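Work through the exercises below with the sequence and the model side by side. Try each task before you read its solution.

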Amino acid sequence: MIFVVGIGPGGRKYMTSEALEAIEKSDVVVGYKTYLRFIYDLIEGKEVYESGMKEEVNRCKNAIDLSKKGKIVAVVSGGDSGIYGMAGLIHELNSREETRQNIVVVQGVTSSVSAAADLGAPIMHDMCQISLSDLMTPWEIIEKRLKLAAEADFVICLYNPKSRGRTDHLKKAFEIMSEFKDGSTIVGIVKNAGRGEELEKYIMTFDEMDFEVCDMSTMVIIGNKETYIYDDKMVTPRGYSI
Ligand code: SAH
């Protein structure tokens with residue numbers, strides 16, 4: 001069987017007890033290096049397959065082969081395993097198998113939710129999440145989604161705002177959204193959410209957006225027309241009369 005485990009944004013205290021239990025029960029742990037570093041102490045003595053980026057398909061095929069051999073396998077994703085994680089790919093591959101493996105998706109705290117808690121309460125109202133990675137999604141589709149989400153005044157959470165190969169996507173995304181997002185719209189940036197001392201957070205306006213602080217471990221949350229700042233908190237009202 002295969003547990004597809006979301007381990008949360010990083011810190012142990014943000015892991016669910018279901019995730020801890022699944023890892024404990026597993027004989028083999030398969031995952032991306034960046035995320036396995038958070039759980040090294042939990043996987044000591046287990047068979048471990050670490051891999052880098054762009055090796056997702058092989059990593060998941062390997063997990064299915066190991067499961068076929070009777071092993072209990074944990075495939076580890078950061079955040080939630082069903083949000084730009086491994087859960088979908090494992091199910092897709094399993095659907096093509098003659099003998100289906102038992103797959104259990106173990107939910108985790110996704111980085112938009114973790115970053116939101118660090119910022120205050122920015123996603124209290126309708127929100128959408130958009131990944132700026134065009135490795136598997138054509139950039140035209142990403143542009144269209146950014147435009148329509150901005151027009152509909154969603155709070156927008158941007159995953160994968162930057163990578164080594166893509167440094168200007170975030171700027172382009174802001175240009176596209178600027179048709180509908182006012183310059184005074186509040187933007188929250190959280191780097192290394194849920195990772196204790198590594199955490200960095202910034203709140204600014206859309207016009208003042210600081211593209212330089214963003215990297216691969218950053219969540220960018222763009223507020224809606226109602227979002228405001230008080231003290232150092234970013235808040236989107238739900239609409240209560242108070
Ligand atoms: N499955 C993950 C998302 C993987 S996509 C989840 O549910 O969170 C990778 C992107 O997630 C990163 O580029 C970054 O935008 C975001 N991310 C992952 N961990 C993060 C963290 N600790 N703090 C801020 N953003 C994070």
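## Exercise 1: A loop residue and a far partner

Task: Find where Asp41 sits, and find how far its C-alpha atom is from that of Glu92.

Solution. Asp41 is placed in the loop that runs between helix 2 (33-36) and strand 3 (47-51). Helices (H or I, at least four residues) and strands (E, at least two) are DSSP runs, numbered from the N terminus. This is a predicted model, in which local features need pLDDT of at least 70 and side-chain atom pairs count only at pLDDT 80 or more, while totals for chains, interfaces and linings use all residues. Residues are numbered from 1 along each chain as its sequence is written, and side-chain values use heavy atoms, with hydrogens and water left out.

Next, check the cover. Asp41 has a relative accessible area of 49%, so it is partly exposed. The classes are buried (under 20% relative accessible area), exposed (over 50%) and partly exposed (in between), with a 1.4 Å probe and protein chains only.

Last, take the distance. Asp41 and Glu92 are 51 residues apart along the chain, and their C-alpha atoms are separated by 31 Å.

## Exercise 2: The chain as a whole

Task: Describe the chain by its elements, its radius of gyration and its surface.

Solution. Start with the elements: seven helices and 13 strands.

Then turn to size. The C-alpha trace spans about 55 × 35 × 35 Å along its principal axes. For 242 residues, a compact globule would have a radius of gyration near 18 Å, and the 19 Å of the chain agrees with that. The radius is taken over C-alpha atoms, and the globule rule is 2.2 Å times the number of residues to the power 0.38.

Now look at burial and surface. Of the 242 residues, 48% count as buried. The accessible surface comes to about 12500 Å², and carbon and sulfur atoms hold 48% of it. Such areas come from the Shrake-Rupley method with a 1.4 Å probe; for residues, only the protein chains shown count as cover.

Finish with contacts (heavy atoms within 4.5 Å). Among contacts with a separation of 6 or more, 69% join residues 24 or more positions apart.

## Exercise 3: Cysteines

Task: How many disulfides does the structure hold?

Solution. A disulfide is a covalent bond between the sulfur atoms of two cysteines. The test used here is a pair of cysteine sulfur atoms within 2.5 Å. The count is zero.

Take Cys128 as a case. The closest cysteine sulfur to its own is in Cys157, at 7.6 Å, which is too far for a bond. Cys128 counts as buried, because its relative accessibility is 18%. Cys60 is also buried, with a relative accessible area of 0%.

## Exercise 4: Positive phi

Task: What is phi near in Tyr84 and in Asn192, and is each residue buried or partly exposed?

Solution. Begin with Tyr84. Its phi is near 45°, a positive value in a residue other than glycine. Tyr84 lies in the loop between strand 4 (73-77) and helix 4 (87-95). Its relative accessibility is 46%, so it counts as partly exposed.

Go on to Asn192. Its phi is near 55°, again positive in a residue other than glycine. Asn192 lies in the loop between strand 9 (186-191) and strand 10 (200-205). Its relative accessibility is 13%, so it counts as buried.

Helix 5 (residues 111-119) has buried residues of its own: Ser112, Ser114, Ala115, Ala116 and Leu119.
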